[in-house]
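This report looks at how one protein chain is put together, part by part. Keep the sequence and the model in view while reading.

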Amino acid sequence: MSSGGDSDGTGPAGGSASDADGFGFAEPATDQSFENALAKARDGIRLTVDDATELLATGTEREGVDPVRKEAVLEAADRRRAETVGDEVTFVANLNNNVTTACNTGCLFCNFKDSAHAFEADSDVEHAGFTKPPAESRAVVEDALDMGIYEVCSVSGLHPAFALNEEHHEILAARDDPASEVNYKPPEAYATDPGTYLEQMAAMSVGGVHLHSMTPEEAYHAKRGTDWEYESVYRDLAAAGLDSAPGTAAEILVDEVRDVICPGKIRTGDWVAAIEGAAAAGLDVTSTMMYGHVETVAHRAEHLKVIRDLQDRTGAITEFVPLSFIHQNTPLYRRGVVDSGPSRAEDELVVAVARLFLDNVDHVQASWVKSGDAHGLKLLNCGADDFMGTILSEEITSRAGGEYGEYRSFDDYVEMITAIGRTPVERSTDYRTRRRIDPDDGPHGPRLGPRADGTPMLPERAAEGDAAGTSPTEADD
Ligand SMILES: C[S@@+](CC[C@H](N)C(=O)[O-])C[C@H]1O[C@@H](n2cnc3c(N)ncnc32)[C@H](O)[C@@H]1O
Ligand SMILES: Nc1c(NC[C@H](O)[C@H](O)[C@H](O)CO)[nH]c(=O)[nH]c1=O
Ligand SMILES: N[C@@H](Cc1ccc(O)cc1)C(=O)O
Ligand code: SF4
């Protein structure tokens, strides 16, 4: 959180919940409010937003995290995890293939993007970003399929030349001033044409891989300037090869927070509508929350309620992914709006309260990308049961200043998960296909991907020690 120093404190997020305006917390909180919420959590009674706020803050009547209360919350969540999903820890053999970093949305927590102007054909602005045309996307996925991946996860900047299809290009180009009205410039204006969204889907959906792509923000971009429904856009994307959608762009699903950290992004209502559209089109979705910047614990609780209500209506959410804010290279930090990300105690409480509050979402993910191995494993004892994927490539967290590398091998996974006394399980994106891994039967490699045969994905030395800084390309040399 933004007030640094005490690594176990919650800063303003922990302390200000009871004075947050407009969230119904005017009643002075008492010790009893926390104890009541904890008792409900232990008994499996559905929690209210106020209950979640109490648990996230370890009581709102005092500032900072109370270590004894925190342990009680984590223990309740760990027990709930064991009762609902058991002792398996899942992970997926996957590849991140992000198509472009060009984006003008201007989110203040993001350093993944590069100003789209720099990508224009006549620009001489230097940038370290990229745009992969569909053929290049396909080649990257093909290579990873040979390594045994099950899933390709693709999230991208909102490139102004991106359109759903040719019809969308025509609609956007017909505007009087497409650049300012609908954030559109024709592909000819750019050094590299990203192709259409449908072309990218068709290119990446190769060889039976599971394609996990098109966040609500991207879906909005794929229908901007039209009266198309999210459902029909997701149906077209699915017909081109999309299998499920990532629920990023959620950030904090409270508009007064979005006004500060991502004023250019879709509002909460649109994010919810996009996910409902994806679900109506028959797609599974994930859900996320990026926390630890300017929001209060009450905002986190409100966010969880949005997700739980959405899941009550759709049943399409396969997992909840807490995304711990990485602050170092972001505008929010550089401009002095925040002076750190969340504390480890906050990470633990977010995972735990997500497990307890989201009684209708089976899986809660820990991220070695955001938290590193040791803290990631700790989160698996706070209510999480999934440890994400091999990913092979990472650009969002590393560009923000994260230092935990860009892939983990199956041997890494098996060693880490068995070290905490749990069972390693290779999963499909939707968790329906699962393969328990015998730790003694190494070396380990993926078996669920269309071309997977149990061969380790990466040469042994690439997976040694801290994987940070070694790319798969370097490892192949
Ligand atoms: C980089 S965007 C790419 C996809 C698309 N542009 C979008 O916004 O949905 C994907 C997600 O990465 C996460 N993210 C970006 N910067 C981050 C940071 N500094 N720390 C943690 N998560 C971050 C945000 O949750 C964001 O929605
Ligand atoms: N938590 C992070 C993820 N999670 C996504 C998973 O890797 C996977 O795609 C999803 O669970 C669907 O199967 N990905 C990142 O790149 N970085 C993270 O921090
Ligand atoms: N790629 C996202 C995380 C993510 C991707 C897909 C998901 O389904 C969930 C989370 C990030 O690094 O921030
Ligand atoms: S989070 Fe997504 S929409 Fe926002 S600036 Fe980054 S890439 Fe663009």
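Domain bounds, as used here, come from an automatic or database domain assignment. The model itself is predicted.

## Two domains

The chain is divided into domain 1, which covers residues 34-84, and domain 2, which covers residues 88-436. Taken over C-alpha atoms, the centres of domain 1 and domain 2 are separated by 28 Å. To their contact, domain 1 gives 21 residues and domain 2 gives 27 residues.

How much area do domain 1 and domain 2 bury between them? The figure is about 2,100 Å², and 68% of it lies on carbon and sulfur atoms. On the side of domain 1, three residues stand out: Arg46, Leu56 and Arg81 supply 34% of the area that domain 1 buries against domain 2, more than any other three residues.

## Helices α8 and α10

Helix α8 spans residues 197-204, and helix α10 spans residues 230-240. The two pack at an angle of about 35 degrees, and their axes are 8 Å apart. The crossing of α8 and α10 is right-handed.

Which residues make this contact? From α8 come Tyr197, Leu198, Met201 and Ala202, and they meet Asp236, Leu237 and Ala240 in α10. Sorted by class, the contact of α8 with α10 has 6 nonpolar residues, 1 charged residue and no polar ones.

## Helices α13 and α15

Helix α13 (residues 297-314) packs with helix α15 (residues 344-357) at an angle of about 35 degrees, with the axes 11 Å apart. The crossing of α13 and α15 is right-handed.

In α13, the residues in contact are Arg300, Leu304, Lys305 and Arg308. They meet Glu346, Val350, Val353, Ala354 and Phe357 in α15. By class, the contact of α13 with α15 has 5 nonpolar and 4 charged residues, with no polar ones.

## The surroundings of ligand 4

Several residues surround ligand 4, among them three cysteines: Cys103, Cys107 and Cys110. Thr105, Gly106, Phe109, Phe112 and Lys113 also belong to this shell. Leu158 and Lys265 are part of the shell around ligand 4 as well.

How many residues of each class make up the shell around ligand 4? There are 6 nonpolar, 2 polar and 2 charged residues.

## Backbone details

Two points in the backbone deserve a note. Asn183 has a positive phi of about 50 degrees, although Asn183 is not a glycine. Asn183 is found in the loop between α7 (178-182) and α8.

The other point is a peptide bond. Is the bond from Gly442 to Pro443 cis or trans? This bond is cis, with omega near -5 degrees. Pro443 is found in the loop between β11 (434-436) and α19 (472-476).

Notes
Residues numbered from 1 in each chain as written. Chains lettered and ligands numbered in written order. Predicted model: local features only at pLDDT ≥ 70, side-chain atom pairs only at ≥ 80, totals over all residues. Heavy atoms only, no water. Axes fitted to C-alpha atoms, helices over the stretch in contact; angles between N-to-C directions. Helix = DSSP H or I, 4+ residues; strand = E, 2+ residues; numbered from the N terminus. Left-handed = near helix turned anticlockwise from the far one by under 90°. Contact = heavy atoms within 4.5 Å. Nonpolar A, V, L, I, M, F, W, Y, C, P; charged D, E, K, R; others polar. Near = heavy atom within 4 Å. Buried area = accessible area lost by both parts, 1.4 Å probe.
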